[in-house]
Each structure stands twice: as structure tokens, then as C-alpha cells.
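Please look over the sequence and the structure shown here before reading on. The report that follows describes how the parts are arranged.

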Amino acid sequence: MLVTSVGKMRLEKPGMVASGVMDETGPSMVRMLRSGAGAVVTKSIGSEPNPGHPNPVFTELKGGYINAMGLPNPGIELFGKEMEIAAKNGNIIGSIYGSSPEEFSALAVKMERYGAAAVELNLSCPNAAGYGMEIGTDPSVVGSIVSAVKSAVSIPVWTKLTPNTHMIKDLAMAVQDAGGDAVVAINTVKAMVISPMFGKPILSNKFGGLSGPAIRSIGVRAVFEIRTVVDIPIIGVGGISDWKDAAQYLMAGACAFQIGSAVGTKGIEVFDTINSELERFMKDYGYSSISKMVGVAHE
Amino acid sequence: MSDSVRIVGILDNAHDTKTFEFQWDEKASPGQFIMVWVPGMEEIPMSLSKTDRIKSITVKKIGKDTQKLHELSLGDPIRIRGPYGKGFDLRKSKNMLLVGGGVGTAAIIPAVKETGADTIIAARTDRDIIMDEVAGRYAKNLWIATDDGSRGFHGNAVQLMREKASENKYEMVLACGPEIMQYHLYNACVELGMDCQLSLERHMKCGAGVCGCCVMDDLRVCKDGPVLTKEQISKIKDFGVSKRDECGRIVKLG
């Protein structure tokens, strides 16, 4: 009942682990695959090892988390060892970040060789100078990166978009026009938190990305808007912590969804819980499959 | 949750170790930790050395971040978040031995207070022993070990633990200290047929079980730990062998 597909990729369960969450090592990704997730998206991997920003890089706040990890990762070469452990256990989506079409392509080729079921282009991280959102808010740049990666690999190419723009629809259209296989929306919302007692920003990077319940309605709106302009699959992400949140994304037009922050607030069990409660909802309301729910809010 | 609190007490524990007390109403249990930050330092995880309404952290000066904390005075604010993680399960056994090594001793003190169990405190030398006074007030028996024999038993925590375990029938060992100590402690527990719960440490970023940077195999030290059971530890390949650096690269333990 919960089976869905993102293009040609079949997922036994519609929920995936979002990039950046329990996905830096092989064994932790295997654990998440066994927790009821249909796929795990890796931490965003770059060309070289990166320690990320110095602590503090994270804090709780009303309605969610703010983080500025700064893309910590061991680099694409060493990450092969983690993929070797994880990829044979299920769908691993290789998230990658770079600063040019060539760098993205080279990383995608490695991910494909490592056994990734798809790649997810991080064109949306708000916390890294020269990467992510800084290049991902220009539709022509997004298009050139997607088309370069498309011609370099044969696995599906997904693109994760930022909500920190007034033109997310244009970004999604650029992805589709460049031959991209799917759009993932949304990444975190650029935000800030200041300590009144110290009179200073708390994160070492000053700014960070807001995630969790506070951004869910932004994500649902973004998916709904994107659905009106593209036909390629959409994967919804942002503030999902229960079945109702997931259902909203599906009804807005997503065929699958990702969960990040709720792994912290609800625990790893969040996938199992959402799977069983979503299934119960579908039975009660006469939805025989996930695809029957997708986009119903547009009808 | 996160909070800013003021230092209401500072105790000198040893030449390089201080305890900072603050009032914080969050409920915390022995073995849990918090993330601590003031401007000018990197935020770091610290075990709670007091878990009542007045809570405390015990800081050994080992680098620039702990140096920054040592500069704090009474009334200064610190930013904390937590409490995080799974602490010691004190109801699992009635016949326990608590072992603290070096500054790790601070993390077992709340458990000593709550259980009154027999306790070993170990350190390199007499001047590195901390919190023996408070432990002595609550523990049924308190034994001290120093590597150089300048006080108490001449030898390390594990050697003294083996000696005490042969004299008394302990079911369970609870410990916190350097990983090398805990690694040998674990092996001794396996050999002697005792259960154990060990408080472990890895490089931490979010502290809240989200980012996965502090994993040992597939366990998050911040959320599934920091106190792990003997059964959990038996499955971890990294224990005593390797850790992950800030980039997530595997680094062999020295």
C-alpha cells in the first residue's frame, strides 16, 4: 500500500532520510534503512574532506532546529568505504555538492560507481560560501549543472532546491528543462538566532538553516507551486514529523517525502510510526495507493 | 532545551580542574550531558557532575575551550543546552561497583550519590584525584588508585577493580574515564562475568541525535549513549580502536 516510485525508481516506503541526518557513515545508514525508511540520502559529499564550521553549529528553538554544520564530510574518495557498507542494504541516494558543473559531474560519477541509486544535487545549503544556495538560486546555473551531471551518469539525477528565493518555480523548470529526473523541495530556510545575554549570534557561522515544524507550511506551499509548473516527480521535505505532515506534502504534489529533524525529536522510530499511521489513514479515507493521494489538493 | 544560566558556585577540584555550579530546573539523570558554550570558544559536551536543581559541570583544562571556561567568574552567564542522552540505569543491579578515571570521575559522582555503591576513583597521581571528598561521603567504600602510587592503590583503575571484584561479588560495573581504561575494564568484565555500563565519548556536533557525527558503528553517542550497555558495546567494532574526526574520517586511537 505504501509503495511509491520516483520516476522509474521504486520505493517500498514513501519516506526517506533527508541529507545530513544519520548518514555520514556506512553503519548508520544501514541502521536507518532498517528503520522503515524507503531510502537514505547521504550527507552532502564534496571533492575533499571538510570539517565543517566550528561548534556551535546547532541549537533547538521554538518550532524546530537551526543548524550551520557547514557541509562536514570525509570527501568523495573516503566515502566509497561507507557506500560499500550501505549500498548493498537498500536505496542510497548520494548527495553531492560542488561549485561547478564539472565538479558536480565528477562527484556524481563516483557516486554511481559506489552503487548510489540516484544522486541528489545540493544546490540549496544556506551555510557554505560558494556552494549550495549561493549557486542554486540562479536558474541558468542550476540548468547547466543538471545537464552536465545528466550527461555524466545514467542513474537518476535529483536536485534539491532552496526556499530562499522568490523564484522556486523557475528553478524547478530549469531542472526539468535540463533533463533532471526529480526535484527535492525544500532545503532549510536561512535564519539566525542571537543570545540576548551575550548580545551575539549563537552559531559560529552567524546564520544557519531553520528546519522542523516551523518550516513545514513553507515546504508544502513550495511543492504545491512547483507541481503547477513541472511534470517531473517532486520529493517533499521540510518539517515532517507525523503522518498528517507527510500527507500534506503528498497531496500538494510530492510522490515521496524526506524526514530530517524529526529523527531527533521523535527518534528513529518516526519512520515506522508514520508508515503505519499513514496506512491507516489511507484505508479510512479510501486511498488505495500513495499515487492516488499525490496532488489531490490541486483537483 | 537551551538556556542561559549564571554561575552560582566555583569549586577547585585539582590543580587543573574546576567545578562550575548553576541553577537549572531541567530534569537530568546521572550520566547525562549538556552542550556548553560562551562566546570565544567552541561549544563542547560536558557531563553533569551534579544533577539536582543546582547542577554542575567539572572542567579539566586541556585546551583553549576548557581554558575559556576556567576564566569564568561567579555570576558570569554560560549557554547550555540539553540535558542529552541516556544516562546510567541505576535500577538494573543492587550490587554495583562505580569506577571513575581522571576527570571522568565527575560523570559518575551523581550515580555515587544516588546509589551509595562502592566506588573506585583513579588518576595518574595524587594531585589529579578529584571529588574523592564528596564520593567518600556517599559511597559505602571508596578506594583510590594512582598510577604512580602517590596515593592509595599503586596501579590503574582496572587492576584495582579486579582486586575488589575478587573480594566482593559485584554484578555490575559503572564507569567513565579514558577510553583505554574503559576498554580494559570492559574486557575484565567479560572475563569475570560481570555486567557493565560505560559512559563513552566521541566528537560531537548537534548533541541531539540528528547529525550522526558522533556515531560508534551505528550508535549515536549523544542519543543512544553516552552510557552504553555491555551488550551494545560488545557489537561495536570502533570501541578502543578508532574514532571519527570532524570530517567523519576514521582515526585510529593512539
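## Chain A as a whole

This is a predicted model. Chain A contains 11 helices and 16 strands. Its C-alpha trace spans about 50 × 50 × 40 Å along the principal axes.

How does the radius of gyration of chain A agree with that of a compact globule? A compact globule of 299 residues would have a radius near 19 Å, and chain A has 18 Å, so the two agree. Of the 299 residues in chain A, 61% are buried.

The domain assignment divides chain B into domain 1, residues 2-84, and domain 2, residues 96-252. The C-alpha centres of these domains of chain B are 20 Å apart. Where they touch, domain 1 of chain B contributes 19 residues and domain 2 of chain B contributes 19 residues.

On the domain 1 side of chain B, at least two residues come from each of β1 (2-14), β3 (33-37), β4 (44-51), β5 (54-60) and β6 (77-84). The largest share of that side, six residues, belongs to β4(B). By class, the residues of this side of domain 1 of chain B are seven nonpolar, nine polar and three charged.

## Where chain B meets chain A

The contact between the chains involves 25 residues of chain B and 36 residues of chain A. On the chain B side, the elements giving two or more residues are β1 and β6 of chain B. Of the elements, β6(B) gives the most, with three residues. The chain B side consists of 11 nonpolar, five polar and nine charged residues.

## Helix α4 of chain B

Helix α4 of chain B covers residues 157-167, and its buried residues are Ala157(B), Val158(B), Leu160(B) and Met161(B). These lie on the same side of α4(B) because they cover an arc of only 155° around the axis. An α-helix has 3.6 residues a turn, so residues three or four places apart point the same way.

What do the buried residues of α4(B) pack against? Their partners in chain B are the strands β7 (96-101), β8 (118-123), β9 (142-146), β10 (153-154) and β11 (172-176), together with the helix α5 (179-192). On the face of α4(B) turned away from the buried side are the exposed residues Ser166(B) and Glu167(B).

Note on methods: Residues are numbered from 1 along each chain as its sequence is written. Chains are lettered from A and ligands numbered from 1 in the order in which they are written. This is a predicted model: local features need pLDDT of at least 70, side-chain atom pairs count only at pLDDT 80 or more; totals for chains, interfaces and linings use all residues. Helices (H or I, at least four residues) and strands (E, at least two) are DSSP runs, numbered from the N terminus. The radius of gyration is taken over C-alpha atoms; the globule rule is 2.2 Å times the number of residues to the power 0.38. A residue is buried if 20 or more other C-beta atoms lie within 10 Å of its own, exposed if 12 or fewer, and partly exposed in between; C-beta atoms are placed from the backbone. Domain bounds come from an automatic or database domain assignment. Two residues are in contact if their C-beta atoms, placed from the backbone, lie within 7 Å. Ala, Val, Leu, Ile, Met, Phe, Trp, Tyr, Cys and Pro count as nonpolar, Asp, Glu, Lys and Arg as charged, and the others, Gly among them, as polar. The arc is that of the directions from the helix axis to the C-beta atoms.
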